[in-house]
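I am opening a notebook page on this structure.

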Amino acid sequence: MIPATNEPAREASGGLPPARRALAMLTVCLGVVLTSIDSVIANIALPAISTDLGVSAAATIWAVTSYQLAVTVCILPFAALGERLGYRRVYLAGLVVFTLASLGCATSHSLPVLVGFRALQGVGGACLVSVALALVRFIYPRERLGRGLGLYATMVASSMAAGPAVAALILSLAQWPWLFAVNVPTGIAALFVGLRALPATARSGPRPDPIAAVLNALALGLIVIGVDGLGLAASRPRALAEVAVGAAALIALILRERHRARPLLPVDLLAIRLFGLSSLTAVMSYAAALMAFVGLPFFLQTITAASDAAVGLLITPCPLGIVAGAQLTGRLSDRYPAGILASAGLLVLAMGAAALALLPVGAGTVDIVWRMALCGLGFGFFQTPNNRTLMTAGPPERSGAASGMLATCRLLGMSLGAACAAVLFSAAPEQAPRLAMWTTAAIALAAGSVSVTRLRG
C-alpha cells in the first residue's frame, strides 16, 4: 500500500507521476462504470425481477427507487466525510460496500432483501460519486486537470450509453441476478488497483453534524421524490406537499449551516459567484438533457414509425457525440474559460434540439442522425469545462464539497427534467414528444445565458 506521509502537499500542486496517474484514473473510471451502468441496467431487469420473484411490476420499482434515494441523501454527507477522513479512504470504502451489496443483490430471493441490498448499493455508489472528482483534482496537475475531467465525463457518457445494451446482452445469456454479479470482479479489481495507486490527501474538516445530515436527507430526498411525482395528476397534491416539506428542510439546513466554516451543504462555495453560476448552469443543463432523453424515443417513433430497436440505434449518435465533445474540450478547458466553452456547447445543444423539433413526419435516417450527433456534441462540449470550473472555483481543501455539489446538481437537474417531461406527456400526450424537443432547446438556451455571465469579472 502507498504510504500516506508527506504526499498530499506535493500531489495538490503537481498531481501524480504519469504511471501512477494512469492507475489511479483506472480505479476512478472503474468506479464510474460500476455506478453509471448500475443506475441503468436495473430498469431493464424490472420485468424479469417481477416474474421471477412473483411480485407486481409496481412493487419492483422500489429496486430502482431505493438505490436512487440512497445515492441522493448520502452524497453531501460522504463528501464532507471525505474532507475529514481523506477522499481515498471514502472512495475505497465505497468500492467495498458497493461490491458486497452487488453480491447481496445477486443472491437475493425476495423483493424486500433485494431492495435492502439495492439501498446499500446506493450508499456505496454515493461514496464513489461524492469524492471521485475531488480525487481527479489531486491525480492530475492543475494545468492538465481538464484532460482528467474530460476522461471522467467520457466514461460517464459511455457507460450510460452502453448500459441498456450490456443489460440486454446479459439477460439474453443468463438470469437477472447476473446483472449484479458482474459487478463483483470489477469492484475487486478496482479495489486492488486503488489500494496501490489512489493519492493520499490532507485530512481536515469539522466533526459530522448529525442534525445537518438529517435535514439534508429530508430536503433532498423529499424534493426528489416530490418532483418525480409531479407528472401524475393523481399524485400531484401529495408531490407538492413533499416538495414543500423538503424546501422547508432545505431552508432550515441553510440557516443552520450558513455561519459554519465547512458546511455540509456548501453555502460557502455557493457564495462564490463563479461556483454558484456554474452550479445553476449544471442543474439547468442536466434538466435539458434528461428532458431530451425522455422525449426522444416517443418523438422518433412519431415521425418514423420505427421499432424500439431501430429507435435505439437512431439515438446512439447522441451519446457518441457526448463522448466526442467531452474528449475535445478536455484539453481546451485547461486553456479557455467555461464561460466561452460551456456556453458554446449549450448553444449547439439548443440548435440540435430545435433542429429535431422541426423534423417532418417521414424524415430520413441521415436527417435524424446528424441532429442527434449535434445534440450530443453540444452537451459533451459543455460538461468538461463546467466541471473543471466547479472543481477549481473553491480552495483545494473544499474539493470534496465541490465534488459532492456537482453530483447533487446532476441528480437534481435530471429529476427536474424527468418531471417536466412527465408533466408535458400528462397535459398534452399527442403534442408532447415535439414539445419536449422545443423545451429542451429553451432550457439549454437559458442555461447558456446563465453560463455566459461567468465571463463578467
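Before counting charges, I note that Lys and Arg are taken as positive and Asp and Glu as negative, while His and the chain ends are left out. On that basis I find 30 positive and 16 negative side chains in the protein chain, and the centres of the two sets lie 9 Å apart.

**Confidence**

I am working with a predicted model, and I therefore looked up its confidence before anything else in the coordinates. The mean pLDDT of the protein chain is 85, with 96% of its residues at 70 or more. Confidence is highest in helix 5 (residues 87-106), at a mean of 95, and lowest in helix 1 (residues 8-14), where the mean is 48. Over residues 1-13 I see pLDDT stay under 50, although the model gives this stretch 23 contacts beyond four places in sequence. Where pLDDT is low, the predicted coordinates should not be read in detail.

**Overall form**

The C-alpha trace spans about 65 × 55 × 45 Å along its principal axes. I compared the radius of gyration, 21 Å, with the value near 23 Å that a compact globule of 457 residues would have, and the two agree. Of the 457 residues, 54% count as buried. Among contacts between residues at least 6 apart in sequence, I find that 83% join residues at least 24 apart. The accessible surface comes to about 18,600 Å², and carbon and sulfur atoms account for 71% of that.

**G221**

I located G221 in helix 10 (residues 210-229). Is G221 buried or exposed? Its relative accessible area is 6%, and because the cut-off for buried is under 20%, G221 counts as buried. Leaving aside neighbours within four places in sequence, I list L69, V73 and N216 as the contacts of G221. I also looked up the separation from L390, which is 169 residues away in sequence, and found 23 Å between the C-alpha atoms of G221 and L390.

**P297**

I then turned to P297, whose place is in helix 13 (residues 273-304). With a relative accessibility of 27%, P297 counts as partly exposed. Which residues does P297 touch, not counting those up to four places away in sequence? I noted V311 and I315. For L314, which is 17 residues from P297 along the chain, I recorded a C-alpha separation from P297 of 9.1 Å.

Conventions:
Residues numbered from 1 in each chain as written. Predicted model: local features only at pLDDT ≥ 70, side-chain atom pairs only at ≥ 80, totals over all residues. Heavy atoms only, no water. Rg over C-alpha atoms; globule rule 2.2 N^0.38 Å. Buried < 20%, exposed > 50% of the residue type's maximum accessible area, 1.4 Å probe, protein only. Contact = heavy atoms within 4.5 Å. Areas by Shrake-Rupley, 256 points an atom, 1.4 Å probe, with all protein chains shown as cover. Charge placed at Lys NZ, Arg CZ, Asp CG, Glu CD. pLDDT = per-residue confidence, 0-100. Helix = DSSP H or I, 4+ residues; strand = E, 2+ residues; numbered from the N terminus.
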